[in-house]
Amino acid sequence: QVQLVESGGGLVQAGGSLELSCAASRSISSINAMGWYRQAPGKQRELVASITGGGITNYADSVKGRLTISRDNAKNTVYLRINSLKPEDTAVYYCNAKTGALYANTYWGQGTQVTVSS
C-alpha cells in the first residue's frame, strides 16, 4: 500500500504558475506508474500527466506545453508544475499511483484545490 498526500494548491491569477507536490508514504522507486488527474466541478476526473519509473512522461493534449511532471525518488515525491494558468485549470488535482501486476492496485491522494482567477 501507499498513502499519497498532495500539497501546493491555492488561489492564483491567470498567467501565474504553481507547483503541486505529492508525497508518498513509502519509496516510489518501484512504482512505475504515477500521475496527476484533475476534476473540475461538474466534470469527470481526467488524467493530465503521467510519469513512469524511467522518467517517461505523457500529457493530455489540452495541457501539453504548460505542465511538467517530475519525480524525485529520493524524496518519494512527484511534482506537477503548471505554467500560464488559465481559469479552466480550476479543479481539484489528485495524485495517483498504480502498483502490482497489470497495475491492479490504484491509490489516490485526497486532492488539492487549484483555483485560477481571471
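Here is a short chat about reading a sheet, a core and a disulfide in a predicted model.

Biologist: Let's start with the open sheet. In what order do its four strands run?

Modeller: In general, strands of a sheet pair through backbone hydrogen bonds, either parallel or antiparallel. Here the order is 1-3-8-7, with antiparallel pairing. Strand 1 (4-7) and strand 7 (67-72) are the edges, each pairing on one side only. On average, neighbouring strands of this sheet are turned by 15° against each other, direction ignored.

Biologist: And how many bridges link strand 1 and strand 3?

Modeller: Four, in the antiparallel sense, with strand 3 covering residues 18-24. Look at Leu4, for instance: its bridge partner in strand 3 is Ala24.

Biologist: Now the largest nonpolar core. Which residues have the most contacts inside it?

Modeller: The general idea is that in soluble globular proteins, nonpolar side chains tend to be buried together. This core has 31 residues, and Leu4, Met34, Trp36, Ile69, Val78, Leu80 and Tyr93 have the most contacts inside it. Elements giving two or more residues to the core include strand 3, strand 7 and strand 9 (91-99). If you click on Met34, you'll find that it touches residues including Leu4, Ile69, Val78 and Cys95.

Biologist: Which cysteines does the disulfide join?

Modeller: Cys22 and Cys95, at 2.1 Å from S to S. Cys22 lies in strand 3 and Cys95 in strand 9, so the link ties together parts 73 residues apart in sequence. With -80° about the S-S bond, the link is left-handed.

Biologist: Is Cys22 buried or exposed?

Modeller: Buried, because its relative accessible area is 1% and the cut-off is under 20%. Cys95 counts as buried too, at 0%.

Notes. Residues numbered from 1 in each chain as written. Predicted model: local features only at pLDDT ≥ 70, side-chain atom pairs only at ≥ 80, totals over all residues. Heavy atoms only, no water. Pairing = 2+ DSSP bridges. Axes fitted to C-alpha atoms, helices over the stretch in contact; angles between N-to-C directions. Core = buried A, V, L, I, M, F, W, Y, C linked by side-chain atoms within 4.5 Å. Buried < 20%, exposed > 50% of the residue type's maximum accessible area, 1.4 Å probe, protein only. Contact = heavy atoms within 4.5 Å. Disulfide = S-S within 2.5 Å. Lists of a residue's contacts leave out its neighbours within four places in sequence.
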